[in-house]
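User: I would like to go through this model with you. Could we take the overall layout before the individual residues?

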Amino acid sequence: MPFLSHASSRLILAALLPLLVAPLPADAAATRRAKPRAAAPAPARPDNAIIALPLNPIVPAGQRLCSVTAPSGLGSTVLRAGAGTKPAAGDVVLVNYIGYLAATGAVFDQGMRSPLPVNGVIPGFSQGLQTMARSGVARFCIPAALGYGAQASGPIPANADLVFQVELLDFKTAAEVESMNRAQAAEPPAQKDAPPQP
């Protein structure tokens with residue numbers, strides 16, 4: 001004898017049928033349709049090609065343009081605004097920078113935590129530094145007239161327009177730098193081979 005009557009089984013089937021055709025929850029459906037795992041990527045193979053030196057990357061064209069041009073001809077784009085005061089012509093700045101040619105994007109110089117006298121660099125770079133505040137990052141588009149002009153300089157050809165990305169980490173006045181230098185000169189020299197003191 002069957003457990004349920006024919007009428008009861010029809011009633012239960014009618015109640016369960018909508019549940020059987022209802023979509024599965026997202027995680028259950030994903031489990032049902034899961035694709036087989038992809039094989040791990042092949043390990044890198046040794047490349048015995050010699051890298052040409054010096055290693056000079058090329059900066060893309062969009063990063064060789066500036067959004068604002070000053071009356072002097074200096075172009076600039078603020079990439080990250082700084083805060084506080086700005087260095088003067090007689091100050092010394094501490095910067096991270098990368099310099100590249102506007103025409104080709106070829107990098108010709110870069111430096112990390114480089115101390116530079118504001119009035120001891122090319123005119124366009126000096127003008128740009130004086131517009132920045134600490135922690136700021138800017139791009140300067142320096143026309144040849146504010147750079148090296150008709151004079152070639154190392155990898156920089158004559159009459160080359162230049163672009164610099166500069167991060168101003170800090171700056172000191174000339175008096176502060178002189179005071180730091182005097183204090184450092186007054187310190188006794190470190191003894192390199194002295195035994196450690198208990």
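User: In what order do the elements of the protein run from the N terminus on?
Analyst: The order is α-α-β-β-β-β-α-β-β-α. The secondary structure comes to four helices and six strands. Please note that this is a predicted model.

User: What is the mean pLDDT of the protein, and what share of residues reach 70 or more?
Analyst: The mean pLDDT is 83, and 76% of the residues reach 70 or more. Over residues 1-22, however, pLDDT stays under 50, and the model has two contacts beyond four places in sequence for that stretch.

User: How much of the protein counts as buried?
Analyst: The protein has 198 residues, of which 25% count as buried. As for contacts with a separation of 6 or more, 68% of them come from residues 24 or more positions apart.

User: Turning to the cysteines, how many disulfides does the structure hold?
Analyst: The structure holds one disulfide. The partners are Cys66 and Cys141, with their sulfur atoms 2.1 Å apart.

User: Which parts does the pair tie together?
Analyst: Cys66 lies in the loop between helix H2 (26-32) and strand E1 (68-69), while Cys141 is in strand E5 (residues 137-142), so the pair ties together parts that are 75 residues apart in sequence.

User: Why is the disulfide right-handed?
Analyst: The torsion about the S-S bond of Cys66 and Cys141 is about 90°, and the disulfide is therefore right-handed.

User: And are the two cysteines buried or exposed?
Analyst: Cys66 is partly exposed, at a relative accessible area of 22%. Cys141 counts as buried, with 15% relative accessibility.

User: Which backbone atoms lie by its polar side-chain atoms, then?
Analyst: The backbone oxygen of Leu65 lies 2.9 Å from a polar atom of the Arg139 side chain. For the backbone oxygen of Gln63, the corresponding distance is 3.2 Å. Beyond four places in sequence, Arg139 touches several residues, including Cys66, Tyr100 and Phe164.

User: Which backbone nitrogen does the side chain of Asp91 reach?
Analyst: The Asp91 side chain reaches the backbone nitrogen of Ala88 at 2.8 Å. Leaving aside neighbours within four places in sequence, Asp91 is in contact with Leu116, Pro117 and Val118, and with Phe171, Lys172, Thr173 and Ala174.

User: Changing topic to the backbone, what is the phi of Arg113?
Analyst: Arg113 has a positive phi of about 50°, although it is not a glycine. Most residues other than glycine have a negative phi. Arg113 belongs to strand E4 (residues 107-117), and its relative accessible area of 56% makes it exposed.

User: What about the phi of Ser135?
Analyst: Ser135 is likewise not a glycine, and its phi is positive at about 70°. This residue is found in the loop between helix H3 (123-129) and E5. Ser135 is partly exposed, with a relative accessible area of 37%.

Definitions and conventions:
Residues are numbered from 1 along each chain as its sequence is written. This is a predicted model: local features need pLDDT of at least 70, side-chain atom pairs count only at pLDDT 80 or more; totals for chains, interfaces and linings use all residues. Side-chain values use heavy atoms; hydrogens and water are left out. pLDDT is the predictor's confidence in each residue, from 0 to 100. Contact means heavy atoms within 4.5 Å. A disulfide is a pair of cysteine sulfur atoms within 2.5 Å. Helices (H or I, at least four residues) and strands (E, at least two) are DSSP runs, numbered from the N terminus. Buried means under 20% relative accessible area, exposed over 50%, partly exposed in between (1.4 Å probe, protein chains only). A polar contact is a pair of N or O atoms within 3.5 Å; within protein, one must be able to donate a hydrogen and the other to accept it, and residues adjacent in sequence count only if both atoms are side-chain atoms.
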